[in-house]
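Trainee: I would like to learn how to read a sheet and a chain interface. Could we take one structure and go through it together?

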Number of protein chains: 2
Amino acid sequence: MEKIEGGVTAAKGFLATATAAEIKYKNRDDMALVYSEVPAKVAGVFTRNAVKAAPVKWDMNIVTKEEVAQAVVLNSGIANAGTGSEGDKVNEAMAQQVADALQIPLSSVLTASTGVIGVQIPVDRAQKGIADMAGNLSDSLEAGNRAAKAIMTTDTICKECAIEFTIQDTTVTIGGMSKGSGMIHPDMATMLCVITTDIAISKELLQEAVKADVKDSFNMISVDRDTSTNDSMIVLANGKAGNVEITTKGQEYDSFCEALAMVTKTLAKMMAGDGEGATKLLEAKVINAKSKEDAIVLSKSVITSNLVKTAVYGSDANWGRILCALGYAGVEFNPDIVDIYIESEEKRIKLCENGLATDYSEEEATKILSAKEVTVIADMKDGKASATAWGCDLTYDYVKINGDYRS
Amino acid sequence: MEKIEGGVTAAKGFLATATAAEIKYKNRDDMALVYSEVPAKVAGVFTRNAVKAAPVKWDMNIVTKEEVAQAVVLNSGIANAGTGSEGDKVNEAMAQQVADALQIPLSSVLTASTGVIGVQIPVDRAQKGIADMAGNLSDSLEAGNRAAKAIMTTDTICKECAIEFTIQDTTVTIGGMSKGSGMIHPDMATMLCVITTDIAISKELLQEAVKADVKDSFNMISVDRDTSTNDSMIVLANGKAGNVEITTKGQEYDSFCEALAMVTKTLAKMMAGDGEGATKLLEAKVINAKSKEDAIVLSKSVITSNLVKTAVYGSDANWGRILCALGYAGVEFNPDIVDIYIESEEKRIKLCENGLATDYSEEEATKILSAKEVTVIADMKDGKASATAWGCDLTYDYVKINGDYRS
């Protein structure tokens with residue numbers, strides 16, 4: 001199992017492209033299309049925000065009812081959320097045009113949008129963009145990369161990942177792209193993410209694997225505790241690798257889940273580290289908690305605390321704020337036995353033992369916290385469960401970006 | 001019922017003072033003492049953070065077991081949280097010294113601390129401060145004001161409020177002080193708040209009134225969603241007004257509750273508007289919700305959203321973020337019938353009707369959002385319940401203050 005170059009076009013039989021449709025941005029790609037040469041088993045998870053974007057409602061229906069899908073059309077700039085029935089119509093028109101251009105059923109076309117809420121997508125521009133893209137699909141890694149770039153909004157890095165592994169002496173590939181930098185606090189899914197794989201697997205097992213996977217990947221990241229209206233993770237599995245279809249759980253299914261986790265956790269961490277205005281990735285590991293549920297809630301409480309996030313920005317070993325964030329998570333525990341560590345790639349030090357300050361060196365602590373990736377470990381000494389969550393620091397630039405995002 | 005000048009010394013029989021004890025700050029008052037000439041009925045509500053500061057544990061015990069109390073000693077600079085049994089000892093030593101100096105029982109002395117977590121209070125300095133203060137108590141408004149200033153940390157304005165009203169042809173006064181600017185997301189209480197009143201009321205009714213009150217006042221504000229380890233609201237009622245003690249509910253109890261609410265809501269709004277780095281008070285009114293519980297959760301979701309807070313900072317009428325924050329609050333509702341308004345003292349405009357943008361003027365909207373106090377109204381059209389929550393904008397200065405608070 002190893003990481004390879006590429007994203008959504010890494011797996012066999014997947015093509016992609018992008019175009020500058022001027023949906024909202026000028027002089028950059030803002031639409032992308034991902035296509036499987038053959039019908040692919042489709043799975044997906046979507047936002048649990050009560051306010052759902054038009055493409056989210058569209059995709060949820062397809063994932064629930066359809067065995068297979070073959071294309072995903074995406075745009076950045078406008079989210080097609082808070083757009084009512086007119087937004088639904090625009091979304092369907094976009095899907096219909098993809099279906100016509102690629103000669104596939106309408107029910108095989110998924111959609112995804114990201115950007116400002118409450119504004120209609122100019123359907124004529126979107127349709128012109130789709131017409132451009134339909135004739136320009138390619139299975140090159142560059143095409144996948146171009147698609148990944150086209151869906152960026154306030155993202156500063158392009159998020160792609162691909163993994164290769166072997167089952168039945170067959171090489172299988174999973175590749176993915178995602179975007180997300182603000183309004184990131186996924187609940188059952190993330191801001192746009194498309195994963196393509198050439199594995200042959202049943203629809204049921206694919207959906208089960210995806211649902212289980214997000215709990216430890218995208219649902220464990222947060223930039224700003226704002227769960228988006230558009231979170232979508234779509235997985236297409238087209239069977240082109242040539243393995244015998246996986247229809248029962250076992251070692252092969254486990255290998256697939258492991259590879260999927262490598263892709264999704266990599267993308268999730270890239271999103272957290274590229275949070276709006278972020279200068280650092282903040283990882284919170286809660287260990288020896290009473291239950292998995294507790295560990296999840298505690299670790300997310302640490303990475304979402306504005307006070308922890310600003311302390312990390314200032315490279316300040318303010319463990320009191322970490323203990324405080326654990327304390328208000330809503331989980332019962334004994335603060336008098338908690339140990340807190342910070343860790344960078346090179347070093348780990350204990351800041352707090354049994355709820356009290358150790359005699360750690362502030363200088364060393366500041367050095368650890370100055371790294372690009374900082375890990376906080378909370379040892380609850382109360383059980384055997386653990387969880388890891390990822391966030392980022394809170395900086396001037398977060399305020400800057402969001403104080404005038406629309407304009 | 002009217003607002004009058006003053007704070008904790010406004011009601012009859014209450015004295016206060018402050019001193020510069022150098023607990024952590026230099027060249028400013030950092031300890032305060034509030035004293036009732038006679039034993040006063042005592043009530044209080046405290047943080048629900050699992051990590052509780054030493055003074056919080058101390059006070060919870062007194063409020064539960066004792067009918068009366070007579071003094072509150074407070075300090076800023078160090079929170080006495082995350083300080084273990086040593087912190088408990090320091091806290092008790094401070095209370096003991098107040099009891100000795102004022103010749104009152106130890107069980108009549110409440111304590112409150114605010115500041116950095118995980119550091120011990122230098123007990124010798126605290127005791128010297130208490131010795132200074134015990135001989136310097138005064139019932140002047142200036143003394144109350146000095147106490148209110150002494151407990152400030154990152155606060156930029158001093159928070160006092162007093163109300164006068166009449167029952168049984170007797171003038172009754174309620175006065176209070178509070179502090180709080182960061183780590184403000186009170187859960188059953190707020191960062192330090194002391195309220196004094198000369199009303200005669202039973203301990204049971206006083207506690208009941210306080211518990212009910214915080215649900216609509218301090219529990220409805222948030223600066224940063226970080227529930228402190230030290231939140232304490234302490235109420236002392238010494239009976240000096242001379243009314244016949246209130247022992248049953250009825251018109252007099254209701255008058256007291258109404259006056260109490262005027263004090264606590266005023267202080268709560270002052271805290272929200274003076275949130276760390278804040279330039280504006282943000283008020284979120286949710287109306288016509290299905291239940292009071294729903295209205296509370298929805299309104300708090302709006303004022304705690306970093307994306308709403310930064311939009312308010314940027315005077316950007318980004319109603320999509322408001323709708324989004326309502327959506328992820330965890331309450332079921334139909335987004336397609338929601339109306340959203342913004343309002344300042346002078347004007348109200350509708351940004352969103354039935355989930356869709358109106359043709360509002362961006363210029364007008366920006367003008368409203370540029371006011372010092374901005375109100376967002378979400379009409380759920382789904383019932384009859386309403387709630388109001390108060391927060392503030394998220395600014396560069398919040399990041400600045402918390403990126404290097406400890407140093």
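Trainee: Which residue stands opposite A:Glu353 in strand 13 of chain A?

Mentor: Keep in mind throughout that this is a predicted model. As a general idea, the strands of a sheet pair through backbone hydrogen bonds, in either a parallel or an antiparallel sense. Here, the residue of strand 13 of chain A that stands opposite A:Glu353 is A:Leu356. Strand 12 of chain A and strand 13 (residues 356–357) of chain A run antiparallel and are joined by two bridges, and in their hairpin, which has two residues between the strands, A:Asn354 takes a positive phi near 50°.

Trainee: How many bridges join strand 11 of chain A to strand 12 of chain A?

Mentor: Four bridges join strand 11 (residues 339–343) of chain A to strand 12 (residues 348–353) of chain A, and the two run antiparallel. A:Glu343 has A:Arg348 as its bridge partner in strand 12 of chain A, and the hairpin that joins strand 11 of chain A to strand 12 of chain A passes through four residues.

Trainee: In what order do the six strands of the open sheet in chain A stand?

Mentor: The order of the six strands in chain A is 13-12-11-14-10-15, and the pairing is mixed. Strand 13 and strand 15 (385–392) of chain A stand at the edges with a single partner strand each, so one side of each is left without a neighbour in the sheet. A parallel case is given by strand 10 (residues 281–289) and strand 14 (residues 373–379) of chain A, which pair over seven bridges, with A:Lys285 opposite A:Ile377 in strand 14 of chain A.

Trainee: Which strands of chain A does helix 9 of chain A lie across?

Mentor: Helix 9 of chain A lies across strands 10, 11, 12, 13 and 14 of chain A, and runs at about 125° to strand 11 of chain A.

Trainee: How should I read the interface, and what is the area buried between chain A and chain B?

Mentor: Take the area together with the kinds of contact. The area buried between chain A and chain B is about 4,200 Å², of which carbon and sulfur atoms give 59%, and the contact takes 51 residues from chain A and 51 residues from chain B. On the side of chain A that touches chain B, the elements giving two or more residues are helix 8 (306–313), helix 9 (319–327), strand 13 and helix 11 (396–403) of chain A. The residues of that side divide into 23 nonpolar, 19 polar and nine charged.

Note on methods. Residues numbered from 1 in each chain as written. Chains lettered and ligands numbered in written order. Predicted model: local features only at pLDDT ≥ 70, side-chain atom pairs only at ≥ 80, totals over all residues. Heavy atoms only, no water. Pairing = 2+ DSSP bridges. Contact = heavy atoms within 4.5 Å. Buried area = accessible area lost by both parts, 1.4 Å probe. Nonpolar A, V, L, I, M, F, W, Y, C, P; charged D, E, K, R; others polar. Axes fitted to C-alpha atoms, helices over the stretch in contact; angles between N-to-C directions.
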